[in-house]
Amino acid sequence: MPATTPARAIPVSPATAAGGTRTLAIDIGGTGLKALVLGPDGAVLTDRARVETPRPATPANILRDLWALIEPLGEFDRISVGFPGVVIEGVIKTAPNLHEDWEDFDLARALAEGSRRPVRVLNDAGVQGYGVVEGRGVEMVLTLGTGLGCAVYNDGKYVPNLELAHHPFGNGKTYEQYVGKKALEKIGKKKWNKRVREVIAQVLPIWNPRKLYLGGGNAKHIKFALPDNVTITPNIAGLVGGIALWRDAKPAVPAPVAPAP
Ligand code: BGC
């Protein structure tokens, strides 16, 4: 099956007909694929749908499972995606916890062709931060999941693709190898907590954020007292933040004009 093959019946939306623009928010993770629909003001309109990330996590396999995941969510007018790697103008550059076939894969175009809706794709930590930042001064997000996500904002404006995950931390390990999912599974929660505390202590005096937000599926395992400007945020921000991708006037990958086959 080609990577862009859509689910059989993506409903044709009468755009903003009754309730205003509906944004399908998708979060592609190393462990799970998640999606829900947001209203024009960012309110959550549907349940959160989730499936395990297929392995191998190739573009074809993930797109196949995404079409099935989103089909029951009903109508939508546009799509926002958080992706766990470097994303430039909708094209994937890296996907360290998925599969090498993602390199240079035009995810925005594949989704736009399959859904006939405009699409915007951003790094997953970038989307997560958009769901929580206040828009004042420097704010930073670290997501503790399969990988280590990192995003920085100045007065609410995101600085894309800061890949702290793969920077050396110490002891011959990168930040992600130090506190990512594999480390947590290997060393257990107690030692992992100690490591996360070290990472926070390292990061704060370098970026000097007004606020540091911790997200991702493993943030719930944090047991130590956090500094005053550090808070744990709900993981759903990784989807809710998708509404912010449409705030600026940058062109999205347009919905193709030709009808889908
Ligand atoms: C990737 C980041 C991503 C993070 C969390 C890292 O391995 O390099 O781009 O944000 O994982 O998914």
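How many bridges join strand 4 to strand 7, and in which sense do the two strands run? In this predicted model, strand 4 (residues 78-83) is joined to strand 7 by five bridges, and the two run parallel. Within this pairing, Ile 79 has Val 119 of strand 7 as its bridge partner.

Both strands belong to an open sheet of five strands, arranged in the order 3-2-1-4-7 with mixed pairing. Strand 3 (49-52) and strand 7 (119-123) stand at the edges of the sheet; each has a single partner strand, so one side of each is left without a neighbour in the sheet. From one strand to the next, the twist averages 15°. Helix 1 (residues 59-70) packs on this sheet, where it touches strand 1 (23-28), strand 2 (32-38) and strand 3. The direction of helix 1 makes about 40° with that of strand 2.

A further set of pairings involves strand 8 (residues 138-144), which is mostly covered, with six of its seven residues buried. Strand 8 pairs with strand 9 (residues 148-154) in the antiparallel sense over seven bridges, and the two form a hairpin with three residues between them.

Side chains of opposite charge can pair when their charged atoms come close. The structure holds nine salt bridges. One of them links the side chains of Asp 27 and Lys 34, at 3.5 Å from N to O.

Another salt bridge joins Lys 211 and Glu 134, at 2.8 Å from N to O. Lys 211 lies in strand 13, whereas Glu 134 lies in the loop between helix 3 (124-130) and strand 8; the pair therefore ties together parts that are 77 residues apart in sequence. Lys 211 is partly exposed at 23% relative accessible area, and Glu 134 is partly exposed at 47%.

A salt bridge at 4.0 Å, N to O, is formed by the side chains of Lys 181 and Glu 185. These residues are four apart in helix 5 (residues 181-207) and are thus separated by about one helical turn. Lys 181 is partly exposed, with 28% relative accessible area, while Glu 185 counts as exposed at 57%. Finally, salt bridges that share partners join Glu 134, Arg 210 and Lys 211 into one network.

Conventions
Residues are numbered from 1 along each chain as its sequence is written. This is a predicted model: local features need pLDDT of at least 70, side-chain atom pairs count only at pLDDT 80 or more; totals for chains, interfaces and linings use all residues. Side-chain values use heavy atoms; hydrogens and water are left out. Buried means under 20% relative accessible area, exposed over 50%, partly exposed in between (1.4 Å probe, protein chains only). Two strands pair if DSSP finds at least two bridges between them. Axes are lines fitted to C-alpha atoms, for helices over the stretch in contact, and angles run from 0 to 180 degrees between N-to-C directions. Contact means heavy atoms within 4.5 Å.
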